[in-house]
Amino acid sequence: MKKLFFIIQLFFFFSPLFSQPVLTIEEAIKLALNNNFSIQLRKNEAEISKNNVSLGNAGFLPRIDLNGSYNTSVNNTNLEFFDGRVTERTGARSGSLNTGLALNWTLFDGFAMFLNYDKLSELNEISKLILKSEIEEVLLNIYKIYYSIVSQKSIVKLAEENLNISRDRLNLTNLKKSVGSASEIEALQSRVYFNEDSSNFLNQKEILKSLKIQLNNILARNPETEFEVEDSIPLKQNLISNLKFDDIKIKNTSVQISEKNIAISDYDYNIIKSNFLPTLSFYSNLGYLNSYSDAGILKSNTQTGYSLGLNLSYNLFNGFRNSIELENKKIIAMNNRLNHNQIIENIHSAFTVNISNYKKYLELIALEEINLTVARQNLDIATERLNQGVSTPLEFREAQQKFFQAKNRLISAKYYAKIFESELMKISGLLILDY
């Protein structure tokens with residue numbers, strides 16, 4: 001009965017470990033899109049840029065101001081007139097109320113308002129592209145860390161398998177030593193190998209834990225949140241044949257941002273050119289004035305009325321500031337075009353390097369799968385030979401390590417193939433399309 005109770009306690013103790021939810025790569029991406037702080041910041045900045053695209057910000061709409069003032073005063077007054085009259089007042093009050101409604105509307109400013117509106121629209125598009133670029137960076141980081149966790153999970157399992165083999169060899173060696181068929185040196189060697197594999201197993205588990213904390217941080221959730229990941233690393237079929245650099249130059253986010261910057265610099269240049277044209281504006285005022293005085297010539301004065309008109313202004317000379325600024329904007333536009341060409345060259349270089357590495361790791365996966373099969377067969381033979389007593393523990397250890405290394409290389413090749421695949425997707429502007 002006690003034994004049954006102990007088994008039940010173990011079940012409830014370890015049950016949380018078996019019930020950890022599996023976090024798929026799709027779920028991780030969705031969590032990041034909703035929770036990641038850098039993405040949220042870029043979304044808010046994009047919303048600001050969207051709000052800025054308005055006729056008012058561009059200068060199309062009039063400005064209307066309501067003005068008002070009221071003042072009062074108390075004075076002792078002594079007035080003497082030429083006809084001999086004298087007026088004296090003590091504590092004489094006077095005051096005035098003045099209100100007005102003023103409208104000022106620029107009708108023509110050298111087409112600057114049209115250019116400003118188009119510039120605001122381009123800035124809004126850039127903010128969207130910056131948001132897209134931020135999402136791509138976050139997605140790439142998630143791919144790197146998520147599949148690093150998948151790889152590390154396999155490495156931990158491999159290290160545990162390696163540890164179990166060493167434990168079995170240690171137990172067998174101790175058993176042989178107890179009956180006199182194994183030496184003290186063999187027993188000590190088995191213990192050293194077991195301790196070495198135990199240390200490696202613990203280190204690999206700690207690396208896995210650290211990677212999970214990093215992923216939780218990107219997903220903006222509690223770093224101690226427990227989860228499991230998928231067991232395999234899928235690779236896209238026929239990716240290389242579908243990637244053309246001419247398409248990449250159109251879809252790459254950095255290239256698109258660069259093209260928008262060129263357009264904005266052109267708008268800035270033309271906005272400065274508009275300063276060489278006259279400005280025509282319409283103005284109108286509607287006013288009300290009421291004043292009173294206990295002493296003076298007028299007891300009260302009330303006025304209402306309006307005024308309107310057109311104002312034409314044309315700058316003849318401002319110290320060559322417009323000309324200098326126009327020249328500077330021309331240089332900025334030239335630099336943006338040079339930067340655009342540099343970005344294309346950098347992307348072409350990165351595309352070439354990544355596709356070469358991707359092909360290399362695809363070939364390595366095929367090669368390491370063959371190596372792993374051979375290493376497994378070698379380990380099986382070494383195990384049989386050791387059990388028959390025709391080989392030494394050192395020979396067995398070497399076969400064991402060869403198998404471990406072959407498996408590790410295969411895991412690494414799959415991981416790096418996925419990373420270079422993700423880099424290619426990002427460069428091609430396709431990474432975000434899946435979500």
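Which residues does Ile411 touch, not counting residues up to four places away in sequence? Ile411 touches Ser151, Ser154 and Ile155, where contact means heavy atoms within 4.5 Å.

This is a predicted model, in which local features need pLDDT of at least 70 and side-chain atom pairs count only at pLDDT 80 or more, while totals for chains, interfaces and linings use all residues. Residues are numbered from 1 along each chain as its sequence is written, and side-chain values use heavy atoms, with hydrogens and water left out.

**Ile411 and helix 11**

Ile411 is placed in helix 11, residues 393–427. Helices (H or I, at least four residues) and strands (E, at least two) are DSSP runs, numbered from the N terminus. Ile411 counts as buried because its relative accessibility is 9%; buried means under 20% relative accessible area, exposed over 50%, and partly exposed in between (1.4 Å probe, protein chains only). Ile365 is 46 residues from Ile411 in sequence, and their C-alpha atoms are 8.5 Å apart in space.

**Salt bridges**

Side chains of opposite charge can pair when their charged atoms come close. A salt bridge here is a side-chain nitrogen of Lys or Arg within 4 Å of a carboxyl oxygen of Asp or Glu. The whole structure holds 21 salt bridges, including those in the table.

| Asp65 | Arg63 | 2.9 Å |

Glu423 is buried at 19% relative accessible area, whereas Lys144 is partly exposed at 28%.

Glu161 is in helix 5 and Arg376 in helix 10 (residues 321–388), so their pairing ties together parts that are 215 residues apart in sequence. Glu161 is partly exposed at 28% relative accessibility, and Arg376 is partly exposed at 33%.

In the remaining pair of the table, Asp65 is partly exposed at 27% and Arg63 is exposed at 57%. Apart from these pairs, Lys153, Lys157, Lys212, Glu228 and Asp231 are linked in a network of salt bridges.

**Nonpolar surface patch**

Ile64, Leu66, Leu101, Leu286, Tyr306 and Leu308 make a nonpolar surface patch of about 700 Å². Strand 1 (63–80) and strand 4 (300–313) are the elements that give two or more residues to this patch. Patches are made of residues with over 30% relative accessible area and no salt bridge; like charges are joined within 9 Å, and nonpolar side chains (Val, Leu, Ile, Met, Phe, Trp, Tyr) within 5 Å. Accessible areas come from the Shrake-Rupley method with a 1.4 Å probe, and for residues only the protein chains shown count as cover. Tyr306 lies in strand 4 and counts as exposed, at 65% relative accessibility.
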